[in-house]
Amino acid sequence: MLIDDLSFSLPKEAILSIIGPNGAGKSTLFCMMSDQEQPDSGSIVLGDTVKLASVDQFCYSMDNAKTVWEEVSGG
């Protein structure tokens, strides 16, 4: 089990980074947060004002002329 009974709040406009070794479940967590995957049990509830931004680890379609911020934010 990676996480059990986790609940937390972040201040407005906070940026959260999640770090861990390969295979720890970081990408899976983001997939669940963005509704690309469903948890085996329990639920993930994001606040109404939450805006997710991430760069997929398989960035085949990135425009090399843009900065990372431009790619992630859509300009």
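Start by selecting leucine 6: its relative accessibility is 54%, so leucine 6 counts as exposed (exposed is over 50% relative accessible area, buried under 20%, partly exposed in between, with a 1.4 Å probe and protein chains only). Leucine 6 lies in the segment before α1, the helix at 26-33; helices are DSSP runs of H or I with at least four residues, strands are E runs of at least two, and both are numbered from the N terminus.

This is a predicted model, in which local features need pLDDT of at least 70, side-chain atom pairs count only at pLDDT 80 or more, and totals for chains, interfaces and linings use all residues. Residues are numbered from 1 along each chain as its sequence is written, and side-chain values use heavy atoms, leaving out hydrogens and water.

Next, select isoleucine 3, also placed in the segment before α1. Isoleucine 3 is partly exposed, with 40% relative accessible area.

Now extend the selection to Ile3, Leu6, Phe8, Leu10, Leu16 and Ile18, a nonpolar surface patch with about 550 Å² of accessible area together (Shrake-Rupley method, 1.4 Å probe; for residues, only the protein chains shown count as cover).

Move to α1, where the buried residues are Leu29, Cys31, Met32 and Met33. Just after α1, select aspartate 35, which has a positive phi of about 65°.

Finally, show the whole protein chain, which has two helices and zero strands. Of its 75 residues, 5% are buried. The chain exposes about 7,100 Å², with 51% supplied by carbon and sulfur atoms.

Conventions
Patch = residues over 30% accessible without salt bridge, like charges linked within 9 Å, V, L, I, M, F, W, Y side chains within 5 Å. Salt bridge = Lys/Arg side-chain N within 4 Å of Asp/Glu carboxyl O.
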